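Here's a quick tour of a protein model, starting with the whole chain and ending with a couple of residues. Have a look at the structure first.

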Amino acid sequence: MSIIVKGNKLVYFSRDDWKVEIPEEILFIGDRAFNGFGGSTTLREVILHDEIKSIGKGAFQYCENLRQVTIPKNITWLKDKTFCGCERLSKVTLPENIRKIGSSAFGWCRALESINLPHNLRELGSHAFIDTGLVEIVLPDNILEIKELTFAGCEKLKKVTFPKNLTKIFRNAFSDCESLTEVILPDRLLIISEKAFTSCGMLQHVVVSDGTTTIGKGAFSLCTKLNCIELPDTIFEIADDAFYGSGAVVIKAPVGSYAIQFAKDHGINYVEV
């Protein structure tokens with residue numbers, strides 16, 4: 001059991017404490033400082049004071065008993081894997097100053113059922129919430145892209161409110177979200193990438209709004225209950241296997257649109273509006 005401090009930086013913490021309050025003289029928490037592999041495996045709660053300036057990559061990774069945390073107000077970037085694998089983490093409070101949440105920052109936090117994302121948030125890294133317990137998520141309007149695998153495997157996720165300025169959804173961003181029933185996408189979205197919503201087994205209704213141009217390979221594949229997707233006349237590219245394994249789908253689109261011609265060419269039921 002040990003604690004290593006260098007100046008005002010906590011470098012390493014390995015003790016059996018279930019609750020830790022970071023001293024005021026500590027302003028920086030180093031990479032993997034509390035990492036559960038060889039670090040703190042009993043930690044349930046950590047109290048971070050507001051003067052902390054930086055939390056390193058993987059700082060609390062695999063702290064499997066950590067239950068709750070409040071991020072200090074000076075933190076603007078949650079780095080990669082900060083809380084990755086904290087399986088019992090159920091309560092996270094983020095400050096309004098957060099601009100970026102890094103790759104896998106909350107990945108595999110399976111007890112995390114809700115989180116309020118501040119309106120200043122601009123970027124979510126890939127895998128940021130992969131395989132979490134989220135039931136509903138509201139994405140702030142400043143987010144322009146949803147990266148690959150960001151919400152993949154969120155089996156409890158029922159509702160997503162998409163940012164109005166969203167331009168691209170990357171591959172597998174929502175794959176295997178088995179409780180998602182409806183998706184309503186914003187007007188400025190241009191591209192729905194490869195397998196973005198694949199294997200969403202309960203998904204029934206999708207609205208793709210004006211502005212979207214491209215639906216990638218397998219984007220809505222294996223959505224076995226998908227019965228209606230509404231497509232705009234701005235669509236000019238749909239991958240041949242975009243709806244593979246979603247046999248009962250009906251494409252609803254404007255008369256004479258590319259989407260209607262795609263449906264005709266691929267033997268998909270359609271309704272012209």
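Predicted model: local features only at pLDDT ≥ 70, side-chain atom pairs only at ≥ 80, totals over all residues.

## The overall picture

The C-alpha trace spans about 70 × 30 × 20 Å along its principal axes. Of the protein's 273 residues, 51% count as buried. As for the surface, the protein exposes about 12,300 Å², with carbon and sulfur atoms supplying 47% of that.

Looking at contacts with a separation of 6 or more, 25% come from residues 24 or more positions apart. On the charge side, there are 31 positive and 34 negative charges, and their mean positions sit 5 Å apart.

Is Glu-21 buried or exposed? Glu-21 has a relative accessible area of 59%, so it counts as exposed, the cut-off being over 50%. This residue lies in strand 3, which covers residues 19-21. Glu-21 also belongs to a patch of negative charge on the surface, together with Glu-24, Glu-25, Asp-50 and Glu-51.

Now for Ser-221, which is found in the loop between strand 19 (214-215) and strand 20 (228-230). Ser-221 is buried because its relative accessible area is 5%, and buried means under 20%. Leaving out residues up to four places away in sequence, what does Ser-221 touch? Its partners are Phe-197, Thr-198, Ser-199, Asp-241, Ala-242, Phe-243, Tyr-244 and Ser-246.

Here are the two side by side:

| Residue | Relative accessible area |
|---|---|
| Glu-21 (exposed) | 59% |
| Ser-221 (buried) | 5% |

Note on methods:
Residues numbered from 1 in each chain as written. Heavy atoms only, no water. Patch = residues over 30% accessible without salt bridge, like charges linked within 9 Å, V, L, I, M, F, W, Y side chains within 5 Å. Areas by Shrake-Rupley, 256 points an atom, 1.4 Å probe, with all protein chains shown as cover. Salt bridge = Lys/Arg side-chain N within 4 Å of Asp/Glu carboxyl O. Lys, Arg positive; Asp, Glu negative; His and termini not counted. Charge placed at Lys NZ, Arg CZ, Asp CG, Glu CD. Helix = DSSP H or I, 4+ residues; strand = E, 2+ residues; numbered from the N terminus. Buried < 20%, exposed > 50% of the residue type's maximum accessible area, 1.4 Å probe, protein only. Contact = heavy atoms within 4.5 Å.
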